[in-house]
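Try each task before you read its solution.

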Amino acid sequence: MTIGFGVLGEIQARSDGAAVDLGPARQRSVFAALVVDINRTVPVEVLVDRVWGLRPPQRAKPTLYSYVSRLRQALDAITDGISGGGAATETGVSIVRRPAGYALLTDPDTVDVHLFRELTGQARATDDARAAALFERALGLWRGEPFAGVDTPWFNSLRESLLGERHACRLDRNDVQLRRAHHAALLPELAACHDTHPLDERLAAQLMLALYRSGRAADALRCFEQVRRALAEELGSDPGDGLRRLHQRMLVNDPEIAAPDAALNTAPDAALAVTGTTAPAVSAPAPVPASGLPSSPDRTVPRQLPTAPRWFAGRQRELAELDKVLRPTGRPGDAVPVCAVSGSGGIGKTSLAVHWAHQNTDRFPDGQLHVDLRGFDPSEEPLASATAVRVFLDALGVAPGSIPVDQEALAGLYRSLVADRRMLIVLDNAVDAAQVAALLPGSAGCAVLVTSRRRLTGLAVTHGAHLLPLDVLSVSESRELLGRHLGEDRLAAEPDAVTAVLEHCTGLPLALSVVGARAAAGADFPLATLAEELHDESARLDALDAGDLSANVRAVCLVSYRALSDAAAEVFRLLGAAAPGPEIGLAAAGSLLGRPAAAARAALRELETVHLVQQPVPGRYRMHDLIRLYAAERAALDQKEESRARALRRVMDFYLHTAYAGHRVLSPLRHHHMELEPPLDGVVPQPLADQTAVLAWFRAEHACLVAAQRLAERNGWDVLVWQLARVLDGFLWRQGRLDDLVALWRTGLAAAERHGEGGVRAWAHRRLAHARARLGHHDDALRHGESALAAAEEADDLAEQARIHDVLAWSWAKQGDDRQALAHARHTLRLQRLDHDPVATANALNSVGWYEARLGEYEQALGHCEEGLEIQGRHGFRDGEACTLDSLGFIAHAAARHDEALAYYRRAHALFHDLGNLYEEANTLANLGDVHLALAQADEARHNWQRAVTLYHAQHRAEDARRLQDKLSRAPR
């Protein structure tokens, strides 16, 4: 196992090349404060000062202890066998508590800053050939500014000191390479560094010498004049003696400053290998191909990457995937590694690409090319591939007059120039695979990182590109990103507002950054005010506008919308305006649009290609909340109101008619049937072959059906509201989702009361009474039961009255009054016999038998239940059979016929399981456990009780779960 820790850039840890999550920014700064003093104790007070500076929070120490504890957990995951208080092993790491504070124990060579100092020390004490390799390795450890993103006085001071050490290392390296005649290779970096440090005379001397030895004496003399003027203007001084002497020697062409013989000063390639020190995994360079050195001494090394994103959070999985994919081999015949990052506008594709590129410059010593291909630019056309190639050729040092006009020759020259180089090519904001393909190199020493709003499947087919779709940030990553903008202290001051902001931004990095920028612009601006603004859906997109096209969620969505065909644009609008629920299935989408499934699939595929919808599972599509808001806006602007209304009614008809067909499979009893209006033209209810398909459909569409009921209620469609309640009832009952049932029927009852018809009101009151009784709310169940009876009597519906008495029986039984329950059950049986419904009569026989058994009247109970079971079997009513078998199991168990009880319960359990009736399955498992205990089979009893407890918890039946847990705790072992 290789581990490495880095602070020369973003604070990070790696294990076997994979990033280790060190937690939020403040927690990472605790790690950095310890790692810079590796293997030494850092007092707690010193840590607090390093991490928080002059304004530590009131509970700084407890917070620090919490951070250390979480860091220990993260570090424990790196390597096995490290004890919390032991010394670090060769590849191990641990944080130990000592009387004076904390110490982080590990091998210093695994930490980039310590290895940097070790390598520079070795380089300054050895010969030039070895020193050159050591200096290059030391500088290769740097990934950016030390402790990137951390802003406290101690870290800022240390950052400046380390930057000074890096600059001194570069200067020493430059001297060595100039002595070795590597002036041409140094020249681009010397020029760039001189621009940053224009008053550094030693650096100016090195640049002048490299220019002079490269045949550019005039440029070297001009450089001296620029430095002389800058020193006079800035410091009021003249150049020092050394720089003046070098200037004079150049004026007289002194042969002693000419380039030394490279053959006498350059060691063979093999001599450049450095042994005895292991580079940390956090920044180890990629292997150098056998064909040659990492960079040619006579070629321009382009550094075209844009500035690294100031705020970057999360994406550890994606960064690790890029680490794995973008590893050029350099072997002839190998394919160029290409990774295409795709995602919706504002998802953070460019930030991810540029962040990774800056973190991995050491892999690509011959430079990095970058171009914005403007594939989805709000104001400009996509960049022509030939234009992009010319940009690259210019960066590679090709004189403008030498660039061919012919496009094939242009591409050939580009590929020739990068053929033997190790380079990273970043193609940002591509419009399609064809635009990218024209810019791919032919050499396996290069790697290509592409970003696009389109999923570039064609690039994967033709060039083996690895596709990396980007999703929204997790809640913890979102909070980290907001904290990068505003600071942890400000987030801690308004936790409720932060929660609301994160909820409304739903993980979209652009939205979080806009909120962060707006909040940061006014330090006294409460986050609660922004959270309130975001809460209003009608104004949310307005709130996510920072005043610039690139920082405006609405503008970013508009660019993708304009790229759609007319058909896909209409689908986009209707999905935003009329699709209820968090997602939509393909069949429902077809009915929403009034189009065949194939046409709907083609339009949805186009939306998915530009990441305006996602397909989390095959055949189901989801829109990001903010994109949905924008789609609804476009619908209001671009879609006629009549068209929107008909689309909504079509999808409502689809849900109602498909759910009703499924409901009849789950509940085939005659009284569950109802008359529906025919669906609108263009609606094709989804065929459901059998009970398995029905249950799968209900599970997938449950949230959409509930949303459809809420939407129907808002539109005043009362008949649809209570009809949706009826068709969902059987599924929720089988799943044991009683709280959902109560909510469903409260809405259904309100609609039924407005509708006014007695039979409808009776049904709604009865189902609500039943759910409340199951939940143990006896008084509420009786109140709804009495209201149901009154409505059923008003409608002169004897069968409904029978069903209501059955519910009242159950409610009394839950109160422990089996005598009252039996009286109501006998009312049910009498009324069902009058209605001549054999299956309903069989159910009533079972109910009477059950309550008789509860009262100890076993002979009568057995007769009633066996009669009911025979009728149910004859009519194929499996639900009723399962319930009656459960009753017969209870009777046999009560009569001490335990083997017989076991057989009945097992048959009942098998039926309930096959029927998907989880509510009754849980009860039967509990009963099976009781019988096994009576048979002195304690292990089997515990097994069944535990399975029942699991189902009870899933159904939120806390009291039932507690009762069984008590049995489990007392059961013999």
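**Exercise 1.** Find how many aromatic pairs a search of the whole structure gives, then classify the pair Phe392 and Tyr414.

*Solution.* Step one: rings of Phe, Tyr and Trp (its six-membered ring) pair if their centres lie within 6.5 Å. The search turns up 15 such pairs. Step two: planes under 30 degrees apart are stacked, over 60 edge-to-face, and the rest tilted. Phe392 and Tyr414 sit 5.7 Å centre to centre with 35 degrees between their planes, so the pair is tilted. Step three: Phe392 belongs to helix H14 and Tyr414 to helix H15, so the pair ties together parts 22 residues apart in sequence.

A word on the source: this is a predicted model, where local features need pLDDT of at least 70 and side-chain atom pairs count only at pLDDT 80 or more, while totals for chains, interfaces and linings use all residues. Residues are numbered from 1 along each chain as its sequence is written, and side-chain values use heavy atoms, leaving out hydrogens and water.

**Exercise 2.** Work out which parts of the protein have the lowest and highest mean pLDDT.

*Solution.* Step one: pLDDT is the predictor's confidence in each residue, from 0 to 100. The protein averages 84, and 91% of the residues score at least 70. Step three: over residues 262-298 the pLDDT is below 50.

Terms used. Helices (H or I, at least four residues) and strands (E, at least two) are DSSP runs, numbered from the N terminus. Contact means heavy atoms within 4.5 Å.
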